[in-house]
Amino acid sequence: MRVVLGVTGGIAAYRAPEIARALKKKGVDVVCVLSSAAEEFVTPLSLRTVTENPVFTDMFHAAKNPGSKVEHIDLARNCDVILVAPATANVIGKVAAGIADDLLTTVIMAAEKKVIFAPAMNKAMWANPIVKANVEKLKKLGYIFTGPAEGVLACGEYGAGHIEDTSVIVNAVLASAKTKASSKKKLS
Ligand SMILES: Cc1cc2nc3c(=O)[nH]c(=O)nc-3n(C[C@H](O)[C@H](O)[C@H](O)COP(=O)(O)O)c2cc1C
């Protein structure tokens, strides 16, 4: 089973290597796609080391090399589930609006697979009616949300917005994958 782990730019991006490692322990092949904001919080090298796979960050990098595959299509086809953890308010809004302006949002747009968001943000952001409407729209379209949990947030406030526990996220991935056929193809 292969999971594309999309990592976006929130404090909880520090949890992405832990989530990747927990998925690997369950026998899942993990391929990471980072937004450019995510790279401010967690390094591609950490995720590359944990996953033992290349880490993708740039929409046009491979496309500029002659003979290379169309990366966003390849990633979208050759996975079973897309997990976005942590998911920012921004990425949720972009996907809800049909925006595909970087590699991660383009992979999500091109995918016919289950997409799971593990949101993490300040409690006021999570309570924002625009974010709520985006989440409701995506849920109605079949996108899955796990969390956020209540807890002490990075800003020191207490409330809903904490990224969900790793075990809960991993279980959500494993449960959703059972409803999809496995992808056997290898990434180049
Ligand atoms: C220190 C810091 C922490 C942030 N934490 C979060 C967060 O937890 N959740 C969130 O939705 N946005 C957070 N942001 C804002 C995002 O980084 C910003 O919206 C960015 O455009 C997200 O881009 P992306 O969704 O493409 O990764 C944070 C910004 C900074 C500077």
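Modeller: Let us begin with a cut-off: an angle under 35 degrees between two axes counts as roughly parallel. Please keep in mind that this is a predicted model.

Biologist: Why are H1 and H2 called roughly parallel to each other?

Modeller: Helix H1 (residues 16-25) and helix H2 (residues 44-51) pack at an angle of about 10°, and their axes are 9 Å apart. The cut-off is under 35 degrees, and H1 and H2 are therefore described as roughly parallel.

Biologist: Which residues in H1 and H2 meet?

Modeller: From H1 come Ala16, Pro17, Ala20, Arg21 and Lys24, which meet Ser46, Leu47, Val50 and Thr51 of H2. Sorted by class, this contact of H1 with H2 has five nonpolar, two polar and two charged residues.

Biologist: What makes strand S3 mostly covered?

Modeller: A residue counts as buried if 20 or more other C-beta atoms lie within 10 Å of its own, and in S3 (residues 81-87) seven of its seven residues are buried. Val81, Leu83, Ala85 and Ala87 point one way from the strand, whereas Ile82, Val84 and Pro86 point the other way, and all are buried.

Biologist: How do you know that S3 pairs with S1 and with S4?

Modeller: Two strands pair if at least two bridges are found between them. Four bridges join S1 (residues 2-7) to S3, and these strands run parallel; five bridges join S3 to S4 (residues 114-119), again running parallel.

Biologist: What makes S2 and S5 the edge strands?

Modeller: The open sheet has five strands in the order S2-S1-S3-S4-S5, with parallel pairing. Strand S2 (29-34) and strand S5 (144-145) each pair on one side only, and they are the edge strands. Helix H5 (residues 103-110) packs on this sheet, touching S1, S2, S3 and S4, and its direction makes about 125° with that of S2.

Biologist: Which residues come nearest to the ligand?

Modeller: Of the 15 residues around the ligand, Thr8, Gly9, Gly10, Ser35 and Thr88 come nearest. Helix H4 (residues 89-96) supplies the largest share of this shell, namely three residues.

Biologist: How many residues of each class does the shell around the ligand have?

Modeller: The shell has nine nonpolar and six polar residues, and no charged residues; in this sorting, Gly counts among the polar residues.

Technical notes:
Residues numbered from 1 in each chain as written. Predicted model: local features only at pLDDT ≥ 70, side-chain atom pairs only at ≥ 80, totals over all residues. Axes fitted to C-alpha atoms, helices over the stretch in contact; angles between N-to-C directions. Helix = DSSP H or I, 4+ residues; strand = E, 2+ residues; numbered from the N terminus. Parallel < 35°, antiparallel > 145°, perpendicular 65-115°, else oblique. Contact = placed C-beta atoms within 7 Å. Buried ≥ 20, exposed ≤ 12 C-beta atoms within 10 Å, placed from the backbone. Near = placed C-beta within 6 Å.
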